[in-house]
Amino acid sequence: DAAGIVDLTAFCIFDITGPGALASVQQTCVAQCDVPVGKVIYTPVLDAKGGFKSDLTVMRLGDEHFRVVTGGAHGMADKKWFSDHLATGATITDLTSDVSTIGLWGPKARDILASLTSDDVSDAGFGFLSCREISVNGVGAPVLASRISYVGELGWELYCSAEFGLRLWDTIWAAGVPHGLVAAGYKAIDSLRLEKGYRVVGIVRRSSTTP
(Lines give C-alpha, C1' and ligand atoms only; values in the text may rest on other atoms or scores of the structure.)
Protein backbone atom coordinates (compact mmCIF):
# COMPACT_ATOMS: atom_id res chain seq x y z
CA ASP A 1 0.00 0.00 0.00
CA ALA A 2 2.94 2.37 0.55
CA ALA A 3 6.60 1.58 -0.14
CA GLY A 4 9.53 -0.45 1.04
CA ILE A 5 13.23 0.33 1.23
CA VAL A 6 15.58 -2.61 0.73
CA ASP A 7 19.35 -2.85 1.10
CA LEU A 8 20.51 -4.41 -2.19
CA THR A 9 24.22 -3.80 -1.67
CA ALA A 10 24.85 -7.55 -1.96
CA PHE A 11 24.18 -7.20 -5.68
CA CYS A 12 27.23 -7.85 -7.84
CA ILE A 13 28.04 -4.94 -10.14
CA PHE A 14 30.60 -4.81 -12.92
CA ASP A 15 31.23 -2.46 -15.83
CA ILE A 16 32.14 -3.53 -19.35
CA THR A 17 33.81 -0.71 -21.24
CA GLY A 18 35.84 0.00 -24.36
CA PRO A 19 35.37 -0.40 -28.13
CA GLY A 20 34.43 -4.06 -27.68
CA ALA A 21 31.86 -3.46 -24.94
CA LEU A 22 28.77 -3.68 -27.15
CA ALA A 23 30.04 -6.81 -28.91
CA SER A 24 30.71 -8.39 -25.50
CA VAL A 25 27.21 -7.93 -24.12
CA GLN A 26 25.58 -8.69 -27.46
CA GLN A 27 27.23 -12.10 -27.70
CA THR A 28 26.57 -12.94 -24.04
CA CYS A 29 23.00 -11.72 -23.46
CA VAL A 30 19.80 -12.94 -25.13
CA ALA A 31 18.08 -9.55 -25.23
CA GLN A 32 19.01 -6.82 -27.69
CA CYS A 33 21.72 -4.71 -26.06
CA ASP A 34 22.25 -2.19 -28.86
CA VAL A 35 19.84 0.26 -27.26
CA PRO A 36 20.05 4.01 -26.64
CA VAL A 37 22.20 5.27 -23.78
CA GLY A 38 20.05 5.40 -20.66
CA LYS A 39 18.12 2.19 -21.31
CA VAL A 40 17.95 -0.80 -18.95
CA ILE A 41 17.87 -4.34 -20.35
CA TYR A 42 16.50 -7.30 -18.41
CA THR A 43 17.90 -10.42 -20.03
CA PRO A 44 18.68 -14.11 -19.68
CA VAL A 45 22.23 -15.34 -20.19
CA LEU A 46 22.45 -18.76 -21.84
CA ASP A 47 25.14 -21.37 -22.36
CA ALA A 48 26.11 -22.89 -25.71
CA LYS A 49 23.26 -25.44 -25.46
CA GLY A 50 20.60 -22.84 -24.68
CA GLY A 51 20.50 -23.58 -20.96
CA PHE A 52 20.10 -20.78 -18.45
CA LYS A 53 23.23 -19.41 -16.86
CA SER A 54 21.59 -16.40 -15.24
CA ASP A 55 19.04 -13.64 -15.54
CA LEU A 56 20.23 -10.11 -14.85
CA THR A 57 20.04 -6.46 -15.85
CA VAL A 58 22.35 -4.42 -18.04
CA MET A 59 22.36 -0.62 -18.13
CA ARG A 60 23.80 1.24 -21.11
CA LEU A 61 25.59 4.19 -19.54
CA GLY A 62 27.52 5.26 -22.65
CA ASP A 63 28.29 4.28 -26.22
CA GLU A 64 31.11 2.06 -24.93
CA HIS A 65 29.95 1.61 -21.33
CA PHE A 66 27.60 -1.07 -19.99
CA ARG A 67 26.92 -1.86 -16.33
CA VAL A 68 25.82 -5.37 -15.36
CA VAL A 69 23.83 -5.85 -12.14
CA THR A 70 23.22 -9.36 -10.86
CA GLY A 71 22.40 -11.18 -7.63
CA GLY A 72 25.02 -11.52 -4.93
CA ALA A 73 24.73 -15.29 -4.62
CA HIS A 74 25.56 -15.90 -8.28
CA GLY A 75 27.37 -12.69 -9.08
CA MET A 76 30.94 -13.94 -9.24
CA ALA A 77 29.89 -16.78 -11.55
CA ASP A 78 28.24 -14.22 -13.82
CA LYS A 79 31.34 -12.05 -13.76
CA LYS A 80 33.46 -15.07 -14.72
CA TRP A 81 31.12 -15.89 -17.62
CA PHE A 82 31.25 -12.35 -18.98
CA SER A 83 35.02 -12.25 -18.48
CA ASP A 84 35.40 -15.46 -20.47
CA HIS A 85 33.35 -14.01 -23.33
CA LEU A 86 34.80 -10.52 -23.65
CA ALA A 87 35.24 -9.28 -27.18
CA THR A 88 38.50 -7.74 -28.29
CA GLY A 89 38.83 -4.20 -26.97
CA ALA A 90 36.60 -4.69 -23.93
CA THR A 91 37.54 -4.40 -20.26
CA ILE A 92 35.59 -5.65 -17.24
CA THR A 93 35.81 -3.83 -13.90
CA ASP A 94 34.30 -5.17 -10.66
CA LEU A 95 32.53 -2.37 -8.74
CA THR A 96 30.73 -4.55 -6.19
CA SER A 97 32.66 -3.20 -3.20
CA ASP A 98 32.52 0.38 -4.47
CA VAL A 99 28.77 0.79 -4.97
CA SER A 100 25.88 0.84 -2.51
CA THR A 101 22.49 -0.21 -3.91
CA ILE A 102 19.12 0.64 -2.40
CA GLY A 103 15.72 -0.45 -3.66
CA LEU A 104 12.80 1.96 -3.28
CA TRP A 105 9.70 0.07 -4.35
CA GLY A 106 5.96 0.40 -3.94
CA PRO A 107 2.99 2.54 -4.99
CA LYS A 108 4.33 5.62 -3.16
CA ALA A 109 7.94 5.25 -4.33
CA ARG A 110 7.56 8.13 -6.80
CA ASP A 111 6.09 10.46 -4.18
CA ILE A 112 9.02 9.76 -1.87
CA LEU A 113 11.70 10.15 -4.52
CA ALA A 114 10.08 13.28 -5.98
CA SER A 115 10.23 14.93 -2.56
CA LEU A 116 14.01 14.51 -2.57
CA THR A 117 14.97 15.70 -6.05
CA SER A 118 14.27 18.44 -8.55
CA ASP A 119 14.79 15.94 -11.38
CA ASP A 120 11.75 14.74 -13.29
CA VAL A 121 10.77 11.30 -11.97
CA SER A 122 7.27 11.30 -13.48
CA ASP A 123 6.21 8.39 -15.64
CA ALA A 124 6.56 10.56 -18.74
CA GLY A 125 9.92 11.94 -17.68
CA PHE A 126 11.45 8.76 -16.29
CA GLY A 127 10.02 5.73 -18.04
CA PHE A 128 10.19 2.09 -17.04
CA LEU A 129 13.51 0.39 -17.91
CA SER A 130 15.42 3.65 -18.13
CA CYS A 131 18.29 4.98 -16.03
CA ARG A 132 20.16 8.20 -15.41
CA GLU A 133 21.98 10.12 -12.72
CA ILE A 134 19.86 12.30 -10.44
CA SER A 135 20.59 14.62 -7.54
CA VAL A 136 19.13 13.58 -4.19
CA ASN A 137 18.90 16.40 -1.66
CA GLY A 138 21.22 15.93 1.29
CA VAL A 139 23.29 13.08 -0.12
CA GLY A 140 26.11 15.13 -1.64
CA ALA A 141 26.98 12.65 -4.35
CA PRO A 142 25.47 11.64 -7.70
CA VAL A 143 22.89 8.85 -7.56
CA LEU A 144 22.35 6.56 -10.51
CA ALA A 145 18.63 5.78 -10.62
CA SER A 146 17.35 2.77 -12.55
CA ARG A 147 13.58 2.44 -12.91
CA ILE A 148 13.20 -1.26 -12.36
CA SER A 149 11.68 -3.37 -9.63
CA TYR A 150 11.95 -7.07 -8.92
CA VAL A 151 8.80 -7.07 -6.83
CA GLY A 152 6.40 -6.04 -9.58
CA GLU A 153 5.69 -2.57 -8.20
CA LEU A 154 6.63 0.97 -9.16
CA GLY A 155 10.12 1.84 -8.03
CA TRP A 156 13.81 2.39 -8.57
CA GLU A 157 17.14 0.83 -7.78
CA LEU A 158 19.40 3.64 -6.56
CA TYR A 159 23.19 3.36 -6.79
CA CYS A 160 25.79 5.59 -5.20
CA SER A 161 29.38 5.42 -4.03
CA ALA A 162 29.58 3.08 -1.03
CA GLU A 163 30.79 5.84 1.27
CA PHE A 164 27.47 7.66 0.73
CA GLY A 165 25.26 4.58 1.05
CA LEU A 166 24.20 5.11 4.66
CA ARG A 167 23.48 8.78 4.00
CA LEU A 168 21.29 7.87 1.03
CA TRP A 169 19.42 5.31 3.14
CA ASP A 170 18.85 7.77 5.99
CA THR A 171 17.71 10.48 3.57
CA ILE A 172 15.16 8.22 1.91
CA TRP A 173 14.01 6.91 5.28
CA ALA A 174 13.39 10.37 6.71
CA ALA A 175 11.42 11.42 3.63
CA GLY A 176 9.55 8.14 3.35
CA VAL A 177 8.26 7.49 6.88
CA PRO A 178 5.47 10.09 6.54
CA HIS A 179 4.37 8.20 3.40
CA GLY A 180 4.30 4.87 5.26
CA LEU A 181 7.73 3.62 4.13
CA VAL A 182 8.90 0.41 5.79
CA ALA A 183 12.28 -1.29 5.79
CA ALA A 184 12.10 -4.71 4.14
CA GLY A 185 14.56 -7.55 4.45
CA TYR A 186 16.23 -8.98 1.38
CA LYS A 187 14.28 -12.25 1.62
CA ALA A 188 11.00 -10.34 1.52
CA ILE A 189 11.73 -9.89 -2.18
CA ASP A 190 11.06 -13.59 -2.72
CA SER A 191 7.52 -13.52 -1.34
CA LEU A 192 6.73 -10.27 -3.14
CA ARG A 193 8.02 -11.46 -6.51
CA LEU A 194 6.00 -14.67 -6.20
CA GLU A 195 2.81 -12.63 -5.79
CA LYS A 196 3.56 -11.03 -9.17
CA GLY A 197 4.72 -14.24 -10.86
CA TYR A 198 8.33 -13.10 -11.22
CA ARG A 199 10.57 -16.12 -11.69
CA VAL A 200 14.16 -16.50 -10.54
CA VAL A 201 16.63 -18.84 -12.18
CA GLY A 202 18.24 -21.54 -10.06
CA ILE A 203 15.50 -21.94 -7.45
CA VAL A 204 14.16 -25.49 -7.24
CA ARG A 205 11.64 -26.61 -4.67
CA ARG A 206 12.20 -30.24 -3.70
CA SER A 207 9.58 -32.42 -2.08
CA SER A 208 10.23 -33.40 1.53
CA THR A 209 8.63 -36.77 0.85
CA THR A 210 10.99 -39.55 -0.17
CA PRO A 211 9.46 -41.72 -2.95
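Mentor: One term before we start: helices and strands here are DSSP runs, numbered from the N terminus. Also keep in mind that this is a predicted model.
Trainee: Got it. Which elements each supply at least two residues of the lining of the second largest pocket?
Mentor: Those are β1 (3–7) and α5 (188–195). The top contributor is β1, with 3 residues.
Trainee: And how much space lies in that second largest pocket?
Mentor: About 250 Å³. Its lining is made up of 15 residues, and Gly-4, Trp-105, Gly-106, Glu-153 and Leu-192 lie nearest the centre.
Trainee: What classes of residue are in the lining?
Mentor: There are 9 nonpolar, 2 polar and 4 charged residues.
Trainee: New topic: which residues are buried in helix α1?
Mentor: In α1 (residues 21–28), Ala-21, Ser-24, Val-25 and Thr-28 are buried. Looking down the axis of α1, you find its buried residues within an arc of 85°, so they line one face of the helix.
Trainee: What do they pack against?
Mentor: The buried residues of α1 pack against strands β2 (12–17), β3 (40–46) and β5 (65–70), and also against α2 (75–84).
Trainee: Is Phe-126 buried or exposed?
Mentor: Phe-126 has 1% relative accessibility, so it counts as buried. Trp-156 is at 0%, so Trp-156 counts as buried too.

Definitions and conventions. Residues numbered from 1 in each chain as written. Predicted model: local features only at pLDDT ≥ 70, side-chain atom pairs only at ≥ 80, totals over all residues. Heavy atoms only, no water. Buried < 20%, exposed > 50% of the residue type's maximum accessible area, 1.4 Å probe, protein only. Helix = DSSP H or I, 4+ residues; strand = E, 2+ residues; numbered from the N terminus. Arc of directions from axis to C-beta. Contact = heavy atoms within 4.5 Å. 1 Å grid on protein atoms, 1.4 Å probe; cavity = no way out; pocket = protein on both sides within 12 Å on 5 of 7 lines; lining within 4 Å. Points joined across faces, edges and corners; volume = space filled by probe spheres on them. Nonpolar A, V, L, I, M, F, W, Y, C, P; charged D, E, K, R; others polar.
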